[in-house]
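Here is a briefing on the structure shown below.

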Amino acid sequence: MTILIILFLIFLGILLLLLEFVVIPGITIAGIGGVGLLGASVYLAFDSYGVLAGIITLAFVIIVVPIIIYRLFQSRSGKRLLLNSEIDGHVEKIDDQLIQVGDEGITLGRLAPTGRVKINNLSMEAKSATGFVDQNVKIKVIEVYRTQVLVEPINQE
């Protein structure tokens, strides 16, 4: 009967670890519970059947359980649970020869406090120094960063 309890604890521990990896990632109750149940199965094996059974159970938990989880995620159904997309985006760096402090432009959208502006016929990301700026407002460049410019409205009162 104790062997069935040990096997059930191992099975439930694996199930909770899979739940942790797939449904609620991070360090949560499922992951801690899964590790706890695996530890309880090893303890129960040592306590009920002696050192040899405990070492066999410990080896199973340390070696076989990670292999089972790895193989599950490598299977066809496991691969559907993983994110396999590649990110190929890039950040547009501003050429400081084209945009200078003092250049003027217009907001393409609302700056709240960041948004798109058009300066010297170039559309780029900008940040407002004064908070929110509405669309189609004339702006002036205060500072040029690597990926965006700091602007303020020209007709500020």
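**Helix packing**

The buried residues of helix 2 pack against helix 1 (2-22) and helix 3 (51-74). Buried means under 20% relative accessible area, exposed over 50%, and partly exposed in between, with a 1.4 Å probe and protein chains only. Contact means heavy atoms within 4.5 Å. This is a predicted model, where local features need pLDDT of at least 70, side-chain atom pairs count only at pLDDT 80 or more, and totals for chains, interfaces and linings use all residues. Residues are numbered from 1 along each chain as its sequence is written, and side-chain values use heavy atoms, with hydrogens and water left out.

**Helix 2**

- Helices (H or I, at least four residues) and strands (E, at least two) are DSSP runs, numbered from the N terminus.
- Helix 2 covers residues 29-49, 21 residues in total.
- From first C-alpha to last, helix 2 reaches 29 Å, close to the expected 30 Å; the expected span is 1.5 Å times one less than the number of residues.
- Buried in helix 2 are Ala30, Gly31, Gly34, Leu37, Leu38, Ser41, Val42 and Ala45.
- The face turned away from the buried side of helix 2 carries the exposed residues Ile29, Ile32, Tyr43 and Asp47.
- Glycine 50 follows helix 2 and has a positive phi, near 100°.

**Aromatic pair**

- The structure holds one aromatic pair. Rings of Phe, Tyr and Trp (its six-membered ring) pair if their centres lie within 6.5 Å; planes under 30 degrees apart count as stacked, over 60 as edge-to-face and the rest as tilted.
- Phenylalanine 21 and phenylalanine 73 have ring centres 6.4 Å apart and planes at 65°, so the pair is edge-to-face.
- Phenylalanine 21 lies in helix 1 and phenylalanine 73 in helix 3, so the pair ties together parts 52 residues apart in sequence.
- Phenylalanine 21 is partly exposed at 46% relative accessible area, whereas phenylalanine 73 counts as buried at 12%.

**Strands**

- Strand 1 (residues 104-107) and strand 2 (residues 114-119) run antiparallel, joined by three bridges. Two strands pair if DSSP finds at least two bridges between them.
- Strand 1 and strand 2 form a hairpin, with six residues between them.
- Glycine 105 has isoleucine 119 in strand 2 as its bridge partner.
- Strand 2 pairs with strand 3 (residues 122-128) in the antiparallel sense over six bridges.
- Lysine 118 stands opposite serine 123 in strand 3.
- The hairpin of strand 2 and strand 3 has two residues between the strands, and asparagine 120 takes a positive phi near 55° there.
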